[in-house]
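This report describes selected features of a predicted model. The sequence and structure are shown first.

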Amino acid sequence: MNFSVSKNAFYQGLTHVNKAITVNSPLPQLSGIKIDVFENQIILTASDSDLSIELKLFSSDADNKLVIDEIGSVVIDSRYLLDIVRKLEDEVVHFELIDGSLVKIFD
């Protein structure tokens with residue numbers, strides 16, 4: 001998985017789907033946001049097992065500045081992901097999944 005996206009569009013999407021996550025979830029996977037990267041879109045999904053929220057970012061939307069180099073999917077803890085993306089300074093955020101378990105997020 002390897003892509004770059006507009007920081008503002010991605011952060012707004014993360015904030016929107018984060019509303020489905022409960023703070024004290026008994027299952028660790030329910031405290032994360034799933035990022036599915038396809039050839040022309042990214043799907044952000046969060047759930048607390050009763051409520052699920054899904055948001056799609058399309059590469060055809062110029063505001064997203066979405067460039068997909070490699071497809072894949074990953075679940076990242078929402079607290080850390082939101083903090084990292086919020087603190088980045090550039091307008092474009094780059095994500096790279098290394099060896100299926102390590103995610104590199106940089107601007």
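## The N-terminal end of helix α2

D77 caps helix α2 at its N-terminal end, with a side-chain oxygen 3.0 Å from the backbone nitrogen of R79.

## The two sides of helix α2

Helix α2 spans residues 78-87, and its buried residues are S78, L81, L82 and V85. These residues lie on the same side of α2 because they cover an arc of only 95° around the axis. An α-helix has 3.6 residues a turn, so residues three or four places apart point the same way.

The other side of α2 carries the exposed residues R79, Y80 and K87. What do the buried residues of α2 pack against? Their partners are α1 (7-17) and the strands β2 (32-37), β6 (72-77), β7 (92-98) and β8 (102-106).

## The open sheet

Two of these partners, β7 and β8, also belong to an open sheet of four strands, in the order β5-β1-β7-β8 with antiparallel pairing. The edges are formed by β5 (67-70) and β8; each has a single partner strand, so one side of each is left without a neighbour in the sheet. From one strand to the next, the twist averages 15°.

Within the sheet, strand β1 (residues 2-6) and β7 run antiparallel and are joined by five bridges. In this pair, S6 stands opposite V92 of β7.

## Helix α1 on the sheet

Helix α1 packs on the sheet, where it touches β1 and β7. The direction of α1 makes about 95° with that of β1. Helix α1 is also among the elements against which the buried residues of α2 pack.

Methods: Residues are numbered from 1 along each chain as its sequence is written. This is a predicted model: local features need pLDDT of at least 70, side-chain atom pairs count only at pLDDT 80 or more; totals for chains, interfaces and linings use all residues. Side-chain values use heavy atoms; hydrogens and water are left out. Buried means under 20% relative accessible area, exposed over 50%, partly exposed in between (1.4 Å probe, protein chains only). The arc is that of the directions from the helix axis to the C-beta atoms. Contact means heavy atoms within 4.5 Å. A polar contact is a pair of N or O atoms within 3.5 Å; within protein, one must be able to donate a hydrogen and the other to accept it, and residues adjacent in sequence count only if both atoms are side-chain atoms. Two strands pair if DSSP finds at least two bridges between them. Axes are lines fitted to C-alpha atoms, for helices over the stretch in contact, and angles run from 0 to 180 degrees between N-to-C directions.
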